[in-house]
Structure formats: C-alpha cells, structure tokens
Amino acid sequence: MKLAVVGATGLVGSEILEVLDEHHFPYDELLLVASERSVGKQIEFKSKTFTVIGLEEAVAAKPHIAIFSAGGGTSLEWAPKFAAVGTTVVDNSSAWRMDPTKKLVVPEINAKELSAGDKIIANPNCSTIQMVLALEPLRQRYGIKRIVVSTYQSVTGTGKAAVDQMMAERAGEEPEMVYPYKIDMNVLPHIDVFQPNGYTKEEMKMINETKKIFGDDSIAVTATTVRIPTIGGHSESVNVEFKQDFDMDEVRKLLSETPGVVVQDDPANLLYPMPITAHKRDEVFVGRLRRDESQPNTLNMWIVADNLRKGAATNAVQIAEYLIAEGLV
Ligand code: 2RA
C-alpha cells in the first residue's frame, strides 16, 4: 500500500498525519507531497524524516491512494492526473463535491455506495459532515422535513494564517489580516464568499451537500454560518423538523448507539459539547437535546466536532480505510 498525502505541509495535512498514526493506517510507503515552494522541505513523522516531493513526482510514483488537502485549484488540475495512473483520490477541497459523477462520502452514512471505479472521491465540507453524521440515525427513524442550522466556526477552518491573525490580535501585535475585520473579541457572520442570493458559499455548501449526502432533494435546509474566535472545533445549533413525532428517550438512545457520535447531554451536571473538549477528538459530540415547543415534531440539538478531525482529516482517512478494507484499491 503506497499512500500519498497531498498538501502535507498545511494545517489539515499535518492533522492527516496525526490521524494516520493514531489509526495505525496500514501503508507500506508514505509520500508527502506539496506545491513547488515546499518541495525539499523535511517533515519529521513517526521518528522518520520525510522529504516533501512535488506533484509530478508523486503521480509518477503511482500511489494506490492519494489524500488531497491542497485547495480546489490543485485538486481540479491534479486529481485527474492521479486518477489516470490508477490512484484513488480522496479530496478535501470543494472542487468535486457537487459533481454528479463523484461520490460525496461520510463513511458511516454512504460509504456503501463506493466502488473500485470511483477514482476521485469527495470529502464533504467540515460543517456539513458533523451535522449529517448526528442527524443520520434520526433521519432513518423519523424522516427529515426541514433543517435550520446556525454555525459557530473555528478559525482553524480558514487555515494557519487565520489562527495567526487571531493570536497576533490577542497578543496586541500588528496582525496580518486574513479576515476583513478583527476576529478576536468579534463574531463574523461571513464564511467564504457571498453569493448573488445573499447567502455565503459556506451556507450554500451546507444546504447542497446535505441533500446530496442524504440523497434527498426534498429536505429543506437553511443555514447561517458564522466565524467565532475559537480553535478546537465548529459548533452548530440545529433545529430539525421530522416527518413524524419522536420520543426523547429514543432520540438519545439512537444517537448514543451511532458509531462516531457521543452524547454529552446532562445539563444538571453542566455537561454539553464544547470546542475545548472536542479538540483532537475524532467523534461528533451532541447535546442540549430538547423538543422545540414552538412547533410539532421538531428537535433542537447542539453539535460540536473538531473541524480538522471528523470535518476533514479523520473523515478522509476513514474513507481510505474503507477502500482498503473492502478491497476497492
Ligand atoms: C471553514 N468550512 O470552516 C471551512 C473549511 N473547509 O471555513
């Protein structure tokens, strides 16, 4: 098993390496790949020194799997080149997500749809992954009519430069501005670029990707996505209207039996999910479960996950693990 990590020097790239290590991912050879300006750089991983190679060299090496986290442009150009030499690409960017010929995969929900012919597989957006994973067991049981989600997203979702901006502001230094405004001591109702309909691209990703992953265009979804000055994870307030009534005890049971989901819901003991406790964890945490008393068949949930883990690296590594386990590569 020859594995390539493309974008190995970025924030998600280094998280992918951590997850590969923690999961004891079964590779024989590991290629760390990045853009020209990082070629030749040395990366220490598992007491070994790896020299970063370029994309051309990586394609020539014909890895079995390439996990990409190098941005949409790189992915659009290079994923097909890897696919052409027989590599299966698991791509973290938004480049292929809504392409009808590509699968958009959260393994616990729809990995079963994958076949050996899928050479470019899309990893969904971080804020979408954590929401759909927590909703899936409830969707199976009650059916979903409508989802209203508001997010509170970590600066790590933007990348290292955004973390640096926040930390510089916090230290009273002159920050290199990534956001249009200060982020520390502030809240920005703006993630990614605004679209002609007034929504941001991040909001439209949550709407469109949710329908694609669930394979159900009839589910109504509306989103407001917000950046907050935290690291550790994305938080989401989710109001979900089901097609039929539900039982609160059953909701808790279904969620607690779902692989990858952890219920933290004990208000009496101040137990609820937070980015600070989700940080570096692979699971999605769910709490503040309560019936929406303003309308029938509707539940309020608070969902938190480390966006660099289940929202990116962990989900991609799990897809790769599934491909190997099922003999699809
Ligand atoms: C963000 N969803 O948090 C993005 C990262 N893919 O900005």
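Two residues are in contact if their C-beta atoms, placed from the backbone, lie within 7 Å. The model is predicted: local features need pLDDT of at least 70, side-chain atom pairs count only at pLDDT 80 or more, and totals for chains, interfaces and linings use all residues. Residues are numbered from 1 along each chain as its sequence is written.

**Exercise 1.** Which residues does Arg-227 touch, not counting residues up to four places away in sequence, and is Arg-227 buried or exposed?

Solution. 
- Step 1: With residues up to four places away in sequence left out, the contacts of Arg-227 are Gln-153, Val-155, Ile-183, Leu-188, His-190 and Ile-191.
- Step 2: A residue is buried if 20 or more other C-beta atoms lie within 10 Å of its own, exposed if 12 or fewer, and partly exposed in between. Arg-227 has 26 other C-beta atoms within 10 Å and is therefore buried.

**Exercise 2.** At which residues does UniProt place the feature "binding site", and what is the largest C-alpha distance?

Solution. 
- Step 1: The unreviewed UniProt entry puts the feature at Gln-153 and Arg-227; such annotations may be inferred rather than shown by experiment.
- Step 2: They are spread over 75 residues of sequence, yet cluster in space, with a largest C-alpha distance of 4.7 Å.
- Step 3: Gln-153 is in the loop between β8 (144–152) and α6 (160–170), and counts as buried because it has 24 C-beta neighbours inside 10 Å.
- Step 4: Beyond four places in sequence, Gln-153 touches residues including Ser-127, Arg-227, His-234 and Asn-307.

**Exercise 3.** Which residues are around the ligand, and how do they divide into nonpolar, polar and charged?

Solution. 
- Step 1: Take the residues whose C-beta atom, placed from the backbone, lies within 6 Å of the molecule. They are Asn-125, Cys-126, Ser-127, Gln-153, Gly-157, Thr-158, Ile-191, Glu-202 and Asn-307.
- Step 2: Count Ala, Val, Leu, Ile, Met, Phe, Trp, Tyr, Cys and Pro as nonpolar, Asp, Glu, Lys and Arg as charged, and the others, Gly among them, as polar. The shell has two nonpolar, six polar and one charged.

**Exercise 4.** How many residues of domain 1 are in contact with domain 2?

Solution. 
- Step 1: The assignment, automatic or from a database, gives domain 1 (2–123 + 312–325) and domain 2 (127–307).
- Step 2: In domain 1, 13 residues are in contact with 16 residues of domain 2.
- Step 3: On that side of domain 1, α4 (107–110) and α10 (309–325) each supply at least two residues.

Terms used. Helices (H or I, at least four residues) and strands (E, at least two) are DSSP runs, numbered from the N terminus.
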